[in-house]
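Please look over the sequence and the structure shown here before reading on.

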Amino acid sequence: MKWLIVFAIICSASFAIAQNINYTASTPAAPVVKKFLGIPLKDSVDFIRWKLTLQQEHYTLQCNYGISKPNTNGFINGGAAVSLTGKLIKEKNYYRLEHNNNQLKLAQLNPDLLHISDLDNNLLTGNGGWSYTLNNINPAITNKIYFTAKQNPVEDSIVFDGRTPCGVPGIIPAGQLCYKIKWRIILYGDETAKSGTWRSIRGTSGRWEIVTGKGGQLIYKLNSEEGKGMIYLIRPDDNLLLFTDAKGRLFTGNEDFSYTLNRVEPNKS
């Protein structure tokens, strides 16, 4: 049975930068990112670690990149590094970074989160290890969201993978040490188009429903088998899910992981 969900990005009312804003993240290395950073497209890169500062009319950027070192959050042989600075241009709800005739676009999801897009403003989809979301190192923890959701047809089931920090409420028992959470969430739709069943790699399952959050955002509320709300997610486009709390406030990640899940093929292991 088909179910329908549609998503559209809207513009923020104001884009002025009153002071320097610092972002961090670890992301994959899409061709558009490699080109901007001057990394040869043929080079093998597992992930890129970002330190980005946005100022009134320019930016500074430091990135490390390379092959991940097993059982660590670093790179084999320390990886490689690149530093850039250049002109910062604000266009509606997008930032554009310019350097040596190259450019990189970042969509502002809310005051704390940026997401790398292609030059046509499509948000990039990550993988099971890393997403393309950059995190404010001094988050405001706000319920402001600069996109909204409408309806668009999708498949009967959709699969999202990712790794996040450990701050999703109710997932890690109090007192248990945790560095990251590995996720696979599968949503199955039903004929209502606003509910269905779900299960995760963590052995949890239940029913999900779409509820309307503040500002009209459509939030996926994943309930336990007992009917209690466990996980709250919002979807900026077809291929991404962002974790929120029960009040619709997006979570801000750290230099290693963001609270973003990425859509994958259903048969991907």
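**Cores, rings and loops**

Setting aside residues up to four places away in sequence, Ile48 touches Ala25, Ser26, Thr27, Pro28, Ala29, Val33, Leu37, Ile39, Cys63, Asn64 and Tyr65, where a contact means heavy atoms within 4.5 Å. This is a predicted model, in which local features need pLDDT of at least 70 and side-chain atom pairs count only at pLDDT 80 or more, while totals for chains, interfaces and linings use all residues. Residues are numbered from 1 along each chain as its sequence is written, and side-chain values use heavy atoms, with hydrogens and water left out.

Ile48 also belongs to the largest nonpolar core, which has 29 residues and in which Val33, Leu37, Ile48, Trp50 and Leu52 touch the most other members. At least two residues of this core come from each of strand E2 (21-27), helix H1 (31-37), strand E3 (47-54), strand E4 (58-66), strand E5 (80-91), strand E6 (94-99), strand E7 (102-110) and E8. Another core lies apart from it, with 22 residues, among them Ile171, Tyr220, Leu222 and Leu233. A nonpolar core is a set of buried Ala, Val, Leu, Ile, Met, Phe, Trp, Tyr and Cys residues joined through side-chain atoms within 4.5 Å; buried means under 20% relative accessible area, exposed over 50%, and partly exposed in between, with a 1.4 Å probe and protein chains only. Helices (H or I, at least four residues) and strands (E, at least two) are DSSP runs, numbered from the N terminus.

The aromatic rings come next. Rings of Phe, Tyr and Trp (its six-membered ring) pair if their centres lie within 6.5 Å, and planes under 30 degrees apart count as stacked, over 60 as edge-to-face and the rest as tilted. By this rule the count comes to eight aromatic pairs. Phe47 and Trp130 form a stacked pair, at 4.7 Å centre to centre and with 20° between the planes. Because Phe47 lies in strand E3 and Trp130 in the loop between E8 and E9, this pair ties together parts that are 83 residues apart in sequence. Both Phe47 and Trp130 are buried. Trp183 and Phe243 form a tilted pair, at 4.8 Å centre to centre and with 50° between the planes; since Trp183 is in strand E12 (residues 181-189) and Phe243 in strand E17 (residues 240-244), the pair ties together parts that are 60 residues apart in sequence. Trp183 counts as buried at 2% relative accessibility, and Phe243 counts as buried at 1%. Together with Phe251 and Tyr259, Trp183 and Phe243 form one aromatic cluster.

Where in the chain is Tyr132 found? Tyr132 is in the loop between strand E8 (113-117) and strand E9 (133-136), and at 4% relative accessibility Tyr132 counts as buried. Leaving aside neighbours within four places in sequence, Tyr132 is in contact with residues including Thr27, Pro28, Val33, Leu114 and Leu124. The side chain of Tyr132 reaches the backbone nitrogen of Ala30 at 3.0 Å.

Finally, some words on confidence: pLDDT is the predictor's confidence in each residue, from 0 to 100. The protein averages a pLDDT of 88, and 88% of the residues score at least 70. Over residues 1-15, however, pLDDT stays under 50, and pLDDT also stays under 50 over residues 150-154.

Key. Polar contact = N/O pair within 3.5 Å; in protein donor to acceptor, adjacent residues only side chain to side chain.
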